[in-house]
Amino acid sequence: MSKAIEVSHLSKLYRLGAIGTGNLSHDFQRWFAKVRGKEDPYMVIGKQNNREAGGKNDVVYSLNDISFTINQGDSVGIIGRNGAGKSTLLKVLSRITSPTSGSVKVRGRVASLLEVGTGFHPELSGRENIYLNGSILGMRRHEITSKLDEIIEFSGVERYIDTPVKRYSSGMYVRLAFAVAAHLEPEILIVDEVLAVGDAEFQKKCLGKMNQVSTSEGRTVLFVSHNLTAVETLCNQGIYLDMGRLAMQGPTLDVVREYVSRDLLARRVVQSTESKKLGNEHITIVEAAIENGSSETPSDIIDISSDVRLKITLINHTKDHHLSVGFDLKTAKEEVVFGSGGKLHSPPGMPTVFTCIIPGNFLNDDLYQMDIYFHTPGMSKLFAQRSMVSFEIKDQARENGFLGKINGMIRPQLQWASSAGIKTTA
Amino acid sequence: MSANAESQEQWDVVIEPDYPLFNLRLREVWNYRDLLWILVFRNFVAQYKQTLLGPVWFFIQPMLTTLTFMVIFGAIAQIPTGGIPQPLFYLSGVVIWTYFSDCLVKTSTVFKDNAGVFGKVYFPRLIIPLSIIVSNLIKFALQSVLFLLVLLYYVYFKGDVFQLHTTSFLFMLPVFLLLMALLGLSLGMIISSLTTKYRDLAFLVAFGVQLLMYATPVVYPLDSERVRNLAGNFLQWNPLAPIFEGVRKGLFGTGFFEWWYFGYAVAVTVVLMFIAIIVFNKVERNFIDTV
């Protein structure tokens, strides 16, 4: 199989802080260092891209020494936390910005969809915008003309095709824009979460079209998304970026599993620190933790039979003596398993501990995360955080003699019985 | 095996931090020529949609400016026009100046105005300045028609005060236009590249273009007693002066034109163009990080 993209030792440096003002002297220092053949004084090698670390240096590696190759016809999902460098990678690949070091080699025409409807002009009609947008995305005029009818039909806005797009509803606008993009015929298609727009039906249509492009038409697709289910269905290869570095490349399922476990496992206990406070002016979360409720040591691995204890230590800054607390328990892929909540006593200004126990033999051996919410007793919103804590449940007994995972989001222990010698109607 | 390995090395695009200083990737620009035309179309249509008079504004603007000049510079300041009727003198100056200044002003905000598009999709950035030049050229052609109408009026109805003395210099007009386009483009590209980092320059442009107009023989002939007494030979060194004087020489046979002088304008343009290419090339690769 031939290579479509080869990335070698790619790095991209960003300077933080006030870019663009008062750095004439910095520019001069950099230039002078370059003239003398010295290293750039503002470019210190080895700084990691970790926005939580709060480093002293004002430069950061958004991409750090990344190398990989992509074969023709692969569809590759790029995953990672916010700020891991996914978007920067796409920008470099689609030549919007250039790398600081390293190189990218590409074979074939590249079309990047980092946004739908780039360059749409509100005063022009739908038809004119199809030509404008198509040309910006690299289509030739005759290509657009030959596909015009198809594009208009796909968009479903025939009636308004000669109306200026400023009169379109936002839904129509997006439909038209995606219709143009869907009819590009590049060898390599780069897509960045554009599917986050539009209604569910339209998203399905888009996913279907992308699937068609990658599987039946044999083109190379690069796809960045936080929607892991979409990545799993669309992509056969995965690239996992972590803090600007390539953490893993391989078959999608393996990469997604690795990402999910690494990302979620890191958050069984979260605490407020000096530099990073959890909470807001209403509530301070001192600590939120998932503990093994059946063990003497709360930090033990949680077995399928162990109780899972959510323990939140907080300080209430409101005047109420009660708080309403709740969580949504979700799978790693963001499907909600169930929610729970209650009104609890919490005297203002003093640390209070809330606990909730999910009994053993109820959840499956899987990864879970919790969105946690706080409200006043009258249910006005105080504080909420998505995926505040996360944890993994293991089936230690089955892992020894592995029988395979049992399906489902939960795995309650149910009563089974058998009675012999009863007459049946069958 | 070796043949296979060789074919593996044939890449269509190689993205690297280093780049050749003068490479404008004109082949790529050519591949995107359809985009150029649709952008020109957009520039025109978008400008006059939802206006009552539409393209008529192309004619109203120079007419009103000419009237203003006739009142201020002709009637009040009484600046001589070298024997040419005031409407003809000012209108020709205004049409040519508008062409140059629009090329300059519009290119000088290319990066700022198109940051949204440039941040989302790649195409040769040079396409945008080129589309500005072409749009302005078409506008210039339309306004030239207006000028021709006024000229014909003078030739047929005012033969007593005006005789047409066109000279063979008129055939230089395309060269003059090209020169002005390149000058405007180069200055605009340099300014737009620098404004991505140093925003201050944006303030200077609107103001600077106004000043530049008065330093250019638009509302006065270069070769006149009063100009010499006032500014000496200083104004001669404005590279736009030979162009304006050359056009006048072609139309009316009165301008100050010498070949060495024309060569000077060409030399300045070429130098500015090289600077513009270097700066533009450098900035277009990373400007999106600093906007």
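The structure is a predicted model, in which local features need pLDDT of at least 70 and side-chain atom pairs count only at pLDDT 80 or more, while totals for chains, interfaces and linings use all residues. Residues are numbered from 1 along each chain as its sequence is written, and chains are lettered from A and ligands numbered from 1 in the order in which they are written.

The place where the chains meet takes 35 residues from chain A and 28 residues from chain B, two residues being in contact if their C-beta atoms, placed from the backbone, lie within 7 Å. On the side of chain B that touches chain A, at least two residues each come from β1 (13-15), α3 (33-48) and α13 (259-286) of chain B; here helices (H or I, at least four residues) and strands (E, at least two) are DSSP runs, numbered from the N terminus. Of this side of chain B, α3(B) gives the largest share, six residues. By type, the residues there are 14 nonpolar, ten charged and four polar, where Ala, Val, Leu, Ile, Met, Phe, Trp, Tyr, Cys and Pro count as nonpolar, Asp, Glu, Lys and Arg as charged, and the others, Gly among them, as polar.

Strand pairing also links the two chains, since strand β4 (residues 101-106) of chain A and β1(B) pair in the antiparallel sense over three bridges, and two strands pair if DSSP finds at least two bridges between them. In this pairing V104(A) lies opposite I15(B) of β1(B).

Strand β13 (residues 308-316) of chain A is joined to β16(A) by eight bridges and runs antiparallel to it, with T313(A) opposite V353(A) of β16(A).

Further antiparallel pairings involve β17(A). Strand β14 (residues 322-331) of chain A is joined by eight bridges to strand β17 (residues 367-375) of chain A, and G326(A) stands opposite Y373(A). β17(A) also pairs over eight bridges with strand β18 (residues 381-394) of chain A, in the antiparallel sense, and there Y368(A) faces F391(A) as its opposite residue. The hairpin of β17(A) and β18(A) has five residues between the strands, and in it M379(A) takes a positive phi near 65°.
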